[in-house]
Amino acid sequence: MLSNQHIEIIKSTIPLLESAGPALTQHFYQRMFAHNPELKDIFNMTHQKSGRQSVALFEAVAAYAKNIENLAALSAAVERIAHKHTSFHIKADHYQIVGHHLIETLRELAPEAFTPAVEEAWTEAYLFLAQIFIDREEELYQLREKALGGWRGTRRFVVVEKTSESKLVTSFVLEPEDGGKVLDFQPGQYLGIQVSPTGSDNVEIRQYSLSQAPTGTSYRISVKKEQSSEHADGLVSNYLHRELNVGSTLDVMPPAGDFFYQPSDAPVVLISAGVGCTPMQAMLQQIGKQDSSQQVTYLHACENELQHSFVDETATILAANGWQQHTWYREPQDKHEATNCHNGMMDLSAIKDSLPVHFGEFYLCGPVGFMQAVVAQLEAMDVERSRIHYEVFGPHANL
Ligand code: HEM
């Protein structure tokens with residue numbers, strides 16, 4: 001436990017943290033990569049360039065300081081971050097490196113305020129938080145290692161199928177090279193993959209949602225080819241689309257992630273945009289397999305028909321279970337007569353009466369702006385936050 005004295009000192013540094021803002025974590029990352037360049041093989045350097053990761057880390061540090069007397073308020077964030085860390089195979093030793101650069105960053109940015117007492121308090125507070133992560137991550141590693149078909153760290157997989165799902169999304173079915181089983185996962189979770197793309201000086205780790213319910217022998221991920229030239233987005237996704245073919249191999253970490261379908265009797269509404277449909281595919285398949293009496297509504301938005309992934313696969317599952325779906329095309333190419341096909345952005349007011357707004361569970365995945373707009377619409381219909389579950393691809397953002 002932290003002493004009262006240390007807690008008071010941490011609280012007294014909150015204004016300092018707030019005035020530094022994400023510049024603090026930017027400085028931290030620059031410092032860490034300069035001194036420990038080997039970590040560039042772990043971190044997503046594209047997220048570094050975009051600055052989103054610095055903001056996510058800053059928000060976590062600031063939230064820690066603000067909730068230092070009520071750490072229970074952080075438990076959902078700790079769980080999300082611990083899952084993310086395990087998909088990079090972060091080890092206990094890494095925490096010493098991060099802690100060292102965090103303390104040195106505070107010293108460099110606020111030399112006068114960073115008295116020996118402040119240094120001692122922040123060192124203790126960091127070690128305390130680091131231990132919470134180390135313990136939870138070790139627990140997750142052990143669970144996955146001991147499960148049937150499980151493992152720890154990386155395992156070599158072979159691509160056994162490569163299928164185009166739409167203009168920009170391609171699925172890869174992966175089987176372990178050793179021919180063994182693979183552990184089950186919760187639909188909604190993601191896989192960490194590790195590759196060395198041509199054109200990159202580093203090993204690259206990325207997370208992709210599993211887009212198929214567990215099979216016991218293989219995993220399917222579905223990857224959107226990122227086209228933005230800004231911040232070199234798409235280094236890995238373009239490499240996978242271009243060079244990862246049937247027979248290619250890659251290293252894979254066990255499935256992870258705190259966003260997943262939680263079985264309940266309540267009706268379920270799955271809401272996605274673009275490649276956010278991937279975890280929804282796994283959820284639809286799993287619910288269809290497990291519980292045919294479950295009521296599911298699937299709402300999906302995408303640019304146009306060409307970018308609409310899994311059209312037939314989704315229609316088959318929905319028809320087999322008698323579930324409803326609605327689709328929104330932002331810029332449709334054709335005219336659609338069907339009442340469940342809409343033009344423009346997702347607008348729930350048109351279908352409000354068919355939604356279980358009073359007791360349904362809502363699962364969202366898509367770009368942050370899309371999810372913010374949907375959450376605002378759901379809240380206007382009195383859906384409580386506790387019934388809204390969401391996943392952000394890339395560094396976390398609060399909706
Ligand atoms: C107490 C210490 C730490 C805190 C508070 C922390 C916090 C965070 C947060 C808030 C995220 C973003 C999570 C999300 O997007 O959902 C994150 C991601 C990440 N963390 Fe940590 N972390 C800590 C320690 C470490 C350590 C020791 C390492 C390994 C050197 C590490 C490596 C990473 C990586 C690779 C990511 C993903 C980055 C990306 O997507 O670019 N973290 N961490």
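These legends describe close-up views of a predicted model. Local features need pLDDT of at least 70 and side-chain atom pairs count only at pLDDT 80 or more, while totals for chains, interfaces and linings use all residues. Residues are numbered from 1 along each chain as its sequence is written.

**View A. The shell around the ligand.** The ligand is surrounded by 23 residues, counted when the C-beta atom, placed from the backbone, lies within 6 Å of the molecule. N44, H47, A60, H94 and H396 are the closest. By class, 15 are nonpolar, 6 polar and 2 charged. Nonpolar means Ala, Val, Leu, Ile, Met, Phe, Trp, Tyr, Cys and Pro; charged means Asp, Glu, Lys and Arg; the others, Gly among them, are polar.

**View B. Helices of the shell.** At least two shell residues come from each of helix 5 (52-66), helix 6 (75-86), helix 7 (92-109) and helix 8 (116-146). Helices are DSSP runs (H or I, at least four residues), numbered from the N terminus.

**View C. The annotated pair.** The unreviewed UniProt entry lists Y95 and E137 under "active site"; such annotations may be inferred rather than shown by experiment. The two are spread over 43 residues of sequence, yet they cluster in space, with a largest C-alpha distance of 11.9 Å.

**View D. Y95.** Y95 sits in helix 7. Beyond neighbours within four places in sequence, Y95 contacts A130 and I134 (C-beta atoms, placed from the backbone, within 7 Å). Y95 is partly exposed because 19 other C-beta atoms lie within 10 Å; 20 or more would be buried, 12 or fewer exposed.

**View E. E137.** E137 belongs to helix 8. With 22 other C-beta atoms within 10 Å, E137 is buried. Leaving aside neighbours within four places in sequence, E137 contacts A82, H85, T86 and I90.

Key. Two residues are in contact if their C-beta atoms, placed from the backbone, lie within 7 Å.
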